[in-house]
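Let's take a quick tour of how the chains in this model meet. Have a look at the picture first, then read on.

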Amino acid sequence: MSNAVRLENLRKVFQGRGGGPVTAVDGVSLEVKDGSLVTLLGPSGCGKTTVLRMIAGFETPTEGEVFIGEERITTLPPNKRRTSMVFQSYGLFPHMAVFDNVGYGLRIRKVPGPEIRTRVLSMLELVGLAGTGARLPSQLSGGQQQRVALARALITEPRVLLFDEPLSNLDAKLRVQVRQEIRRLQQRLKITSIYVTHDQDEAMTLSDQIVVMHQGRIEQAGSPEEIYARPRTRFVADFIGQGNFLAGTVRGVEDGRTEVEIAEGRFRVATGGFRPGDRVWLLLRPEAIGLAAPGAGRWKGQVSTATYLGGEVFYEVAVGRQTLLVKVGHPKGGAGLGAGDPVGLTFDENSLHLVPREDKG
Amino acid sequence: MKRSLGLLAMVVAVAWAMPAQGGQVLHMYTALDTAESQLYIPEFEKDTGIKVEWVRLSSGEVLARLRAEAKNPQVSIWYGGPSQDHVTGKKAGVTVPYKPPLDWTLPANAHDSEWCWVGYYFGAIGFASNTEFLKRAGVPAPSSWQDLLKPAYKGQISIAFPYTSGTSYTVLATLVQMMGEDKAFEYWRKLNQSIHHYDKSGSAPVTQAGLGEVGIAVSFSHDILTKGSDKGYPITMTFPSEGTGYEIGGISLVKGGQEPDLAKKFVDWALSVRSQNLMKQWFRIPLNPKAEVAKGAVRADQVKLINFDAVKAGDERDRLIKRWRSEIGQ
Amino acid sequence: MAELRKILRDPVLAATIAVIAVSLFLFVVHPLYKVFQMSVVEDGRLSLHVYRDLLGKPFERRPIYNSLILGALVAVAGTAVGYLFAFAIARADVPWKGFFRIVATFPIISPPFVLSLAAILLLGRRGFITRTVFQGWWDPHIYGLRGLVLVETIAFFPTAFLIMLGILQAVDPALEESSLNLGANRWQVFRTVTLPLSVPGLASSLLVVFVESLADFGNPIILSGNFHVLSVQAYLHITGMADFSGGAALAVILLLPTLVAFLLQKYWVSRKSYVTVTGKPSPARLSVVPFTRRLLCGLCLVVAGVIFLLYGTVVFGSFITLWGANYTLTLKHYVSVFQIGGGYLRDTLILAGVATPITGILGMIIAFLVVRKEFVGKGLMDLISMLTFAVPGTVVGIGYILAFNERPLLLTGTAAIIVLLFIFRNVPVGIRAGVAALQQIDKAIEEAATNLGAGTGRTFVTITLPLITPAFFSGLAYSFVRCMTAISAVIFVVSGKWNLITVAILGLVENADLSQAAAFSLVLVAFVLLALGLMQLGVGRVATSQMGVEAGG
């Protein structure tokens, strides 16, 4: 499979408001396979939107190159690139009807009138907006506006589809619905897509590959499963899902397993790549911990808070000097524990994971 | 679309930048009032078929413009304004000589020795007084230069700046030639106390007096008549007993003007009986002996005139004005 | 650099930037440089002799003090009156708000010297009020500082009004409400919340009105009497004494405080704004007790009364045969307007008609470049294009006759020089309107168009321009008004072929043909109102809130 998009060592430095330069993107290299959906995920300010805009052409890289296929487009003006963008605020033309919004790109490409008509109408059907052609954007709901934006972007048959946090203006339920539709559409049309978001649920649901970014750099790139189960840094582990982090030191490596000592005991973890003496965080996901009768299980603990969320319950359990987060599907053993209740905790050693620890003193 | 608009704009701009070509058009600066200019110029156009495009400026302004435009003159003729301004113009090199073919003699002091300017009317300096003011204040109209300094007229006099008005400069030059330079400036310093404010144009003081804004104006007799009493204002005219100055109105051809032949035609016309008769409407005294004089207009023999050397006045203009500005502080 | 390469790949953009840069250099920077050059070069050498000469003479120095004093007084008075109206409308909820708004913005469209004319008619020595009310015993001495303060305050307070109104409307209501909630009485709310938040607006207003007063030419040339001011003196040096270097030096001296004030306002005061631009002004709120409301309403009525009196006098005066002597009513002056003045009117309308659309479009293009595009020298282009607003007309006028008197740019005496003067004097109006409008458009809309394949030109024409149309047309309207009422710069460049009606009116006032001048002035105002009305009909609402921040002749 060829690469639809390739980024080589992209750097972008801005003149900051305070006066000094701000490095928004600091050496990002990435390869996006044809037909896949890659998500750039990270907190605000991590540079993900800047990367997207450099691909679209709205920002020029300070250093580095952008390729689409084999073609170097780093300095190509945005209107000459074969990328289509769906904006966070949709960017619909308020003075044009839906039909004209969607057909705009075709008119620019001088597609003949009748053909525009056919293609626009069928695209509106495709996104579920049949019959709205004559309305103005201001007359549509948020979800509908989003779909117009999508239709407008798709109709020009771009090589790469770019999404800039398109769902952030929708309410929770709609978000879930629309993102599923986007994914369905993308897979059906097999169109290479790059998606920017700070919402990990979105990233997990939509992506073939997730690229986690932090302070202008890529922390880790991989499939949703890799990112979740085998994060390579604390930041990634923290950002996706929730985790309990227990400070520890590597004592030995044997049989492909790393022996780690923490305050609450020693464990042999399947994560490789460490040497004896390395400082590490032991990662234990909340859903990997099970509840047992007090006195049973590996550790003894006491419940400090219980948060009921309908389908699941979150317990904060004090174990020694630590507080661990435990997620339990409700109802399931230990139904309805309350604050102060003693409880035992169990987990499988195979569900443990290690990430490097850099103490900041 | 943006580009073609820009192009269109530039084409329009360039097209209008080109000077008018062809046709018989004479470009002129006139120092006469707009209203007066419109008495004569249309008649010239009618008589000769030559169209005139003219701008009205005060005499000082005409001189300034001609100097500024010396490298690229915009007009061919300078019409009106006292002769000493035309003398200054000759010195500044912005005019060229032309001797019109006349079947009568123009007096020696009514034209430049080398014919760089030609005189076409005569006018004397007088005082215009608002009769209602005189009645209220219980004073007679001033009859001498010394009279003007009387306390009764304090703050009631109006005259133009000598550096923007030919009229006012003529007054200054007259005083200088009459009393001697230092005494003249001493006199004006005293007079300054009585002056309410200075105007830009030479004849505006007359209207000010007519309106009653001031009690007395110092201006040319023809302006006093046309803008004062003839218009309906309560104005009475008097002359200084010590003697008064006068002006010869001049016309000059502008050096480098595009239409010298048309300009010459205008000069000829301005001295013709027909044209000089038109000046009756403004109470100006024609120089052509065959022309008629308006009733009520003041003739040279009716007023005491000093021996006014217009050429000298022209030569001294720059220097006297500089001194005036620094001594009077205006 | 990558940025430069990107621009060069977009030929329309690159060409536009180049053309505008060249035009700005030729028609803004170059004339100003010529003025400066004229004042410091003597016989081919640099010399400060002219300045030493001027500043050494007390009578040449006095206009400097005079101008500054006048400017300061008018700034304070104008800001006070402007704040009165703004506060009355935005916070005191006075009745007849629409009426007061019209009163507060009307002086903008009248030619500058109409007020001076009115002042003479009413308060001159033989003025109507002087004779009837004061019985001729007290001379108000209207020629000079007093008259100018009165007239300029009325002429320029609309600017202050619009600035202050904008500020007051944009202050978050929650701030004042929470102050009340915490126990402050209304006077305390005003003193501790409203007033401090208005301070940037007050500072802006003081600076802007100060600049307008310094640059004012039309009023002082009629009303200054013995109180000489810089703008008129510079003019008289050049036209009366052919003293170009002296006139240029005075122009440079005039320029300094105006530039300082302008830069202060643009780079310091406007950055200290405490309000966010939300785009929708909040409605008038009632935050005063009824007594205050009545008091403010009364004060506004007094000011409105004065304005009506002044303009009404001009109307009345235009029907008088001979003001001061013969008060029979007549229409002869109006007949005269069309007989004699027909040519002037036609010239002025043609020139304004050509300049205005060009100004509007150029303003929008520059606004678009400045707000949306990045390129080398952008900040400079922004500053220079606003410069002709800061620079007094007198200075610009002198610059134009010095700069365009020789080949290859031989423009003196042509229509082109007048049109160019109009364009570059008024383009800041269009730019400001465009910038304000553009800042309110979601950037994503234009990026979407680009993303879909539209080049810069196409995006501008199909997307940006339609969305900023209201601002565009208000910029057009205001440019047209300024063209029709211009005097201070254009008085230097009129010629035999092209004459402006404002210059003709000035000549009439100088000649004390007051009734005639009044008739001409009213016809001019009528034409301006007609044009504005047509524009409003044709294109919907003209945003008056954007007009008037740049008043002046």
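This is a predicted model: local features need pLDDT of at least 70, side-chain atom pairs count only at pLDDT 80 or more; totals for chains, interfaces and linings use all residues.

Residues are numbered from 1 along each chain as its sequence is written, and chains are lettered from A and ligands numbered from 1 in the order in which they are written.

**Chain A and the other chains**

- Chain A and chain B have no contact joining them; their closest C-alpha atoms are 15 Å apart.
- Between chains A and C, 21 residues of chain A are in contact with 22 residues of chain C.
- On the chain A side of that meeting, strand E6 (83-86) and helix H2 (98-108) each supply at least two residues. Helices (H or I, at least four residues) and strands (E, at least two) are DSSP runs, numbered from the N terminus.
- H2(A) gives the largest share of that side, with three residues.

**Inside chain A**

- Chain A splits into domain 1 (3-234) and domain 2 (242-356), with bounds that come from an automatic or database domain assignment.
- The C-alpha centres of domain 1 and domain 2 of chain A sit 38 Å apart.
- Where these domains of chain A touch, five residues come from domain 1 and five residues from domain 2.

Key: Two residues are in contact if their C-beta atoms, placed from the backbone, lie within 7 Å.
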